[in-house]
Amino acid sequence: MERTLVLLKPDAVQRDLIGEIITRLERKGLKITGLKMMRLSDELLNEHYSHLVGRSFFPEVKSFMQLTPVVALCLEGVEAVDTVRALCGITKAREAAPGTIRGEFAMSVQANLIHCSDSLETAKAEVPRFFKAEELFEYKDILETYVYNSS
Ligand code: IDP
């Protein structure tokens, strides 16, 4: 099982798409092991988007991510990182594939609704960045047998 981090960005919150997006992730078979609403501090955003520090649009990304609280999720599943990435679609939302979250609901590069970890290594850093150990839960999902069957 892998864990991955998802953030529902301020445009998802403002556009009342929280439920729609979580429903898609749940229905795919991903297990929610952490879920909360939070405001992102400057410090947290500098760390989270450290690969964008120095880019001309970085200040805009930061102020955009602070427009409203975001919804943070930790999702668990077999190959969860790549699976969630595929469900989200590419960064430039208007070119994201139909059927993906960004492809179905967004047109912008910046306001693209959702963040998800881009690799297992990143996920291992991002989950504890947003969730304390006591905010993550282990429980038995009775549908798991059917979600994966044998593989
Ligand atoms: P990702 O979110 O698809 O992994 P990253 O390259 O890590 O993409 O960029 C992080 C976020 O920064 C994007 O989701 C988007 O909101 C914003 N961003 C990326 N490139 C641009 C840009 O050229 N202009 C404005 N915002 C951008």
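How far is an oxygen atom of the ligand from an N or O atom in the side chain of Asn 112?

Guide: The distance from an oxygen atom of the ligand to an N or O atom in the side chain of Asn 112 is 2.9 Å, and this counts as a polar contact because that term covers a pair of N or O atoms within 3.5 Å; within protein, one atom must be able to donate a hydrogen and the other to accept it, and residues adjacent in sequence count only if both atoms are side-chain atoms. Of the 520 Å² that the ligand exposes when taken alone, the protein buries 79%, with accessible areas computed by the Shrake-Rupley method with a 1.4 Å probe.

This is a predicted model, in which local features need pLDDT of at least 70 and side-chain atom pairs count only at pLDDT 80 or more, while totals for chains, interfaces and linings use all residues. Residues are numbered from 1 along each chain as its sequence is written, and side-chain values use heavy atoms, with hydrogens and water left out.

The ligand sits in the largest pocket. A pocket here is an open set of points, on a 1 Å grid over the protein atoms alone, where a 1.4 Å probe fits, with protein on both sides within 12 Å along at least five of seven lines, and a molecule sits in one if more than half of its atoms lie within 2 Å of its grid points.

Leu 52 counts as buried because its relative accessibility is 13%, the classes being buried under 20% relative accessible area, exposed over 50% and partly exposed in between, with a 1.4 Å probe and protein chains only. From Leu 52 to Lys 92, 40 residues away in sequence, the C-alpha atoms are 16 Å apart.

Turning to the strands, His 115 belongs to β4 (residues 114–116) and is buried because its relative accessible area is 11%; its side chain makes a polar contact of 3.0 Å with the side chain of Glu 126. Strand β3 (residues 70–77) contains Gly 77, which is buried at 0% relative accessibility, and also Glu 76, which at 16% counts as buried. Glu 76 and Arg 3 are 73 residues apart in sequence, yet their C-alpha atoms are 4.5 Å apart, whereas Gly 77 and Ala 96, 19 residues apart in sequence, are 23 Å apart by C-alpha atoms. In helix α2, Glu 26 is partly exposed at 48% relative accessibility, and its C-alpha atom is 9.1 Å from that of Leu 75, 49 residues away along the chain.

Two loop residues complete this view. Asp 16, between α1 (10–14) and α2 (18–28), has phi near 60°, a positive value in a residue other than glycine, and is exposed at 67% relative accessibility. Glu 79, in the loop between β3 and α5 (80–88), also has a positive phi, near 50°, and is exposed because its relative accessible area is 53%.

Notes
1 Å grid on protein atoms, 1.4 Å probe; cavity = no way out; pocket = protein on both sides within 12 Å on 5 of 7 lines; lining within 4 Å. Helix = DSSP H or I, 4+ residues; strand = E, 2+ residues; numbered from the N terminus.
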